[in-house]
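Please take the sequence and the structure together, and let the paragraphs below lead you from one part to the next.

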Number of protein chains: 2
Amino acid sequence: MSASQFSTKQRILGAAEALFAQHGFAGASLRQVTSAANVNLAAVNYHFGSKDNLIEAVFRRRLDALNARRHAALAKVEANPAATLEDALDAFIRPALELALDRQGGAAFMRMLARAYAEHDERLRRFLSDNYGHVLREFAVVFHRMLAHLGKEELYWRLDIVAGALTYTMADFGLIKRRAGTSEAAHREYTIEHLVRFAAAGLRAA
Amino acid sequence: MSASQFSTKQRILGAAEALFAQHGFAGASLRQVTSAANVNLAAVNYHFGSKDNLIEAVFRRRLDALNARRHAALAKVEANPAATLEDALDAFIRPALELALDRQGGAAFMRMLARAYAEHDERLRRFLSDNYGHVLREFAVVFHRMLAHLGKEELYWRLDIVAGALTYTMADFGLIKRRAGTSEAAHREYTIEHLVRFAAAGLRAA
DNA sequence: CCCCGTATCAAACGAACGTTTGAAGGATAG
DNA sequence: CTATCCTTCAAACGTTCGTTTGATACGGGG
């Protein structure tokens with residue numbers, strides 16, 4: 001049979017991620033997911049309990065690592081007295097972009113994340129805020145220190161735009177083919193550099 | 001009865017817009033829509049033919065006017081030899097923000113638009129591109145002239161970010177309460193000015 | 001008056017949904 | 001070998017979905 005080397009749980013998570021990215025949480029059915037994962041329909045409820053729990057598990061699988069890497073990168077920025085706004089933005093962007101460009105469904109995950117961001121679903125927002133909000137708040141503190149000339153209201157409003165722009169853009173990156181003749185590493189650095197410059201210009205604008 | 005002053009068709013369009021914004025196209029059912037609109041379930045298929053046609057009608061009702069206003073504003077920019085990048089961005093942003101801040105469901109429409117943008121649905125993309133893409137291409141030409149120092153690839157990529165950021169942000173504006181003591185007009189101008197400056201800084205960044 | 005096109009209605013259609021059930025497999029420990 | 005636990009399976013549960021149907025009411029033009 002075509003069952004892959006991965007466990008039932010992992011196959012479900014991978015298929016769900018891809019289908020949620022493509023059709024949304026309401027639009028992708030458990031029958032589509034289990035069929036794509038080559039597992040029985042009942043396996044979802046056996047391993048995850050419910051569709052909602054499956055959705056949370058799909059987030060958790062990637063966000064635990066992403067959040068940890070962002071946190072570590074930000075800690076290095078905070079330890080460096082000469083760190084710039086660009087360094088802080090790099091700490092935010094680089095882990096996400098590396099995830100978006102990996103070969104194991106990371107691109108699908110970023111598209112799913114962008115959809116979730118746009119959905120404004122209250123249950124999902126609370127889940128994300130409760131489990132991963134603290135790192136984002138750490139970033140907000142650092143940005144506040146680096147952009148002290150902006151009022152708190154003005155800063156939050158700009159961070160909102162930047163976060164939205166970055167989420168949108170990185171979600172698209174898995175889809176954009178890179179320029180011919182460039183290595184993946186070069187493509188990643190090129191992209192990060194431009195995203196950082198773009199975001200920094202917007203945040204600093206008088 | 002509580003039937004409003006509007007026709008059955010208009011009541012369906014209004015209810016669908018609000019519910020699509022909140023729950024998405026797959027997540028909002030025709031039973032929810034017709035119940036909120038106080039019309040019979042069969043009215044949707046009678047007046048619009050299908051759910052997909054209803055979705056297109058909801059877009060058409062707002063986008064015809066929005067696109068026309070953007071086109072007119074851009075024509076003024078093109079007629080003015082001294083026009084700046086900020087003027088062109090204003091022509092793009094102002095009509096959308098006025099729509100987002102109107103009192104007749106415009107905020108819901110912008111949220112719906114942002115969701116559609118994030119969904120990457122092929123059918124919907126083709127519908128939007130076929131019906132409203134020509135004005136966006138006109139904007140691209142103007143931006144290309146005003147940012148001649150950027151390569152074509154670089155320009156498109158930045159426009160992509162800016163369009164995403166603006167879509168996201170304007171979708172949120174209907175939800176953000178304005179600062180106390182400011183008139184709606186002042187709030188709108190304040191917002192437009194900052195969005196324009198933010199976008200211009202990102203587009204021009206070296 | 002009757003007719004006819006428009007509009008609304010309750011009711012039902014088959015299909016697809018998330019979830020549950022109970023039996024069958026398959027590995028491991030005693 | 002038997003007993004036990006974890007996993008998988010086909011089948012069915014009740015609900016909700018988009019859509020269709022046929023009857024009913026309404027409103028001018030012949």
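A residue is called near a molecule or strand if one of its heavy atoms lies within 4 Å of it. This is a predicted model, in which local features need pLDDT of at least 70 and side-chain atom pairs count only at pLDDT 80 or more, while totals for chains, interfaces and linings use all residues. Side-chain values use heavy atoms, with hydrogens and water left out, residues are numbered from 1 along each chain as its sequence is written, and chains are lettered from A and ligands numbered from 1 in the order in which they are written.

Around DNA strand D there are 15 residues, the closest being Thr8(A), His47(A), Leu30(B), Arg31(B) and Lys51(B). Of the atoms of DNA strand D that come within 4 Å of the protein, 49% belong to sugar and phosphate. At least two residues of this surface come from each of α3 (43-48) of chain A, α2 (30-36) of chain B and α3 (42-48) of chain B, where helices are DSSP runs (H or I, at least four residues) numbered from the N terminus.

Phosphate oxygens of DNA strand D also lie close to particular side chains of chain A: a polar side-chain atom of Thr8(A) is 2.3 Å from one, an N or O atom in the side chain of His47(A) is 2.7 Å from one, and for Tyr46(A) the value is 2.9 Å.

Technical notes. A polar contact is a pair of N or O atoms within 3.5 Å; within protein, one must be able to donate a hydrogen and the other to accept it, and residues adjacent in sequence count only if both atoms are side-chain atoms.
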